[in-house]
Amino acid sequence: MNITGIETLVFGVEDMAGCSQYLLDYGLERAADNPSRYVALDGTGVELFPADAAQLPSAPNSCQMRKCVMGVSDEASLQAIATELERDREVKRLPDGSLESVDDVGFAIGFQVARRLPMALLGELSNAPGSPVQRAANQPGVQAGRGRIQPRSLSHVVYFVPDLEKAEAFYVQRLGFRVTDRFVDAGPFLQPAGALDHHSHFLIGAPAFMQGVEHFTFHFAGPTELIQNGHRFTEAGYQAFWGPGRHIFGSNWFWYFNSPFGCHVEMDADMDLHDNTWKPRVASLGTDTSQAFLLKYRNKWAPGPSTPENGDYA
C-alpha cells in the first residue's frame with residue numbers, strides 16, 4: 001500500500017468562526033477554490049464543516065475530527081486499498097474519486113491519489129563551523145520585520161485509542177505502515193510506506209471514554225520560523241500547552257497550543273527521515289525520553305539596568 005502521507009483532516013466543529021480564525025492565525029490560507037478548506041504551502045490542509053453537516057461520517061466520542069484523508073501514489077494503489085478493505089468492511093467511492101471507510105477502532109479514513117503540490121523551497125540553514133552546507137555570505141539567518149509565516153505541509157495526527165494492539169495491527173498489517181519507534185507504555189509511531197517522515201500517525205493507548213484526537217500538526221521551515229510564529233500566536237491570545245522544545249523520537253521541534261477543535265494543535269519543524277532499513281527504538285515514556293529539552297516562554301524584553309522589573313536580580 002503506497003500511502004504517501006496525510007492530505008486532509010476533516011473536522012465537524014461547534015465553533016466555526018473560532019476554528020476558522022484559529023487556522024488563519026496559525027498560518028494556513030483559505031483555499032481559493034474551496035472556502036471550507038485551509039491549506040499549507042503544498043496544498044495539504046484542514047476542512048471545516050458545522051458539527052451537524054449531513055455529509056460528515058461519525059466519530060468516536062463525538063470527536064470533532066471526522067475523517068483523516070491519506071494520499072496514495074497512483075490509481076492502482078487506490079484500487080489495492082479498496083480491494084483489501086472490502087474484504088471485511090464497506091468502502092465508499094465518493095464523487096471526487098476518493099475512497100471512504102473506517103479503521104478497526106472507529107475512526108473514518110479516506111484515500112485519494114496524492115494532490116500535494118511540489119515545493120522547491122530551502123529550509124532553515126545553520127552556519128555551523130565546519131559544515132559543508134551553510135548560508136551564503138551576506139545572507140542573514142533572521143529577517144527583521146518578517147511578514148506572515150505559513151506552514152509548509154501537514155505533518156501528523158495523534159490518536160487516543162482504547163485497543164492499541166488492534167489499532168496498530170490494522171495500520172501495519174492492512175495498510176502497510178511501519179513502526180519507526182515505540183513508547184512501551186504509550187504506543188507506536190507509524191510511518192506510511194510511501195513516505196520518509198518519522199511518522200504520520202502516533203497511537204496512544206487510553207480508556208474508551210478518552211478515544212479521540214490528541215493533536216495534529218503542520219511542518220514549518222525550521223526552528224526559527226516555528227518559534228517566531230509561536231510567539232505571534234501567543235501574543236494573539238492563544239494559550240500554549242507544551243513547548244517550545246525538541247522531541248527525541250522524530251527529533252522534531254515542537255510547540256503545542258490549546259484549540260477550539262477539542263484537541264491540541266502543534267507547530268513542528270525538522271523531523272527525522274527514515275527508510276525501511278531503520279531499526280525502531282523502544283523506550284518508556286517520560287520527561288527524559290519525550291524531549292531533548294524544554295524551553296520556558298517569556299515575553300520579549302531588552303537588556304537594561306539590572307532591576308527586578310527587568311527580571312535580572314535585586
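Modeller: Rolling a probe the size of a water molecule over the atoms shows where empty space is left. Here the largest pocket has a volume of about 680 Å³. Of the 32 residues in its lining, Met119, Ser153, Asp197, His219 and Leu273 are the closest to the centre. A pocket is an open set of points on a 1 Å grid over the protein atoms alone, where a 1.4 Å probe fits, with protein on both sides within 12 Å along at least five of seven lines; lining residues have an atom within 4 Å of a point. Grid points are joined across faces, edges and corners, and the volume is the space filled by probe spheres set on the points.

Modeller: Two notes on the source. This is a predicted model, where local features need pLDDT of at least 70, side-chain atom pairs count only at pLDDT 80 or more, and totals for chains, interfaces and linings use all residues. Residues are numbered from 1 along each chain as its sequence is written, and side-chain values use heavy atoms, with hydrogens and water left out.

Biologist: Which strands each supply at least two residues of the pocket lining?

Modeller: Strands S1 (3–13), S9 (153–161) and S13 (212–220) do. Strands (E, at least two residues) and helices (H or I, at least four) are DSSP runs, numbered from the N terminus. The protein chain has 18 strands and five helices.

Biologist: How many residues in the protein chain are buried, as a percentage?

Modeller: Buried means under 20% relative accessible area, exposed over 50%, partly exposed in between (1.4 Å probe, protein chains only). Buried residues make up 48% of the 314 in the chain. In helix H1 (residues 16–26) they are Cys19, Ser20, Tyr22, Leu23, Leu24 and Tyr26. Helix H3 (residues 164–174) buries Ala167, Glu168, Phe170, Tyr171 and Arg174.

Biologist: What follows each of these helices?

Modeller: Look at phi. Just after H1, Gly27 has a positive phi of about 130°. H3 is followed by Gly176, with a positive phi near 80°.

Biologist: Where is the cis peptide bond?

Modeller: Between Gly243 and Pro244, with omega about 5°. Pro244 lies in strand S14 (residues 240–246).
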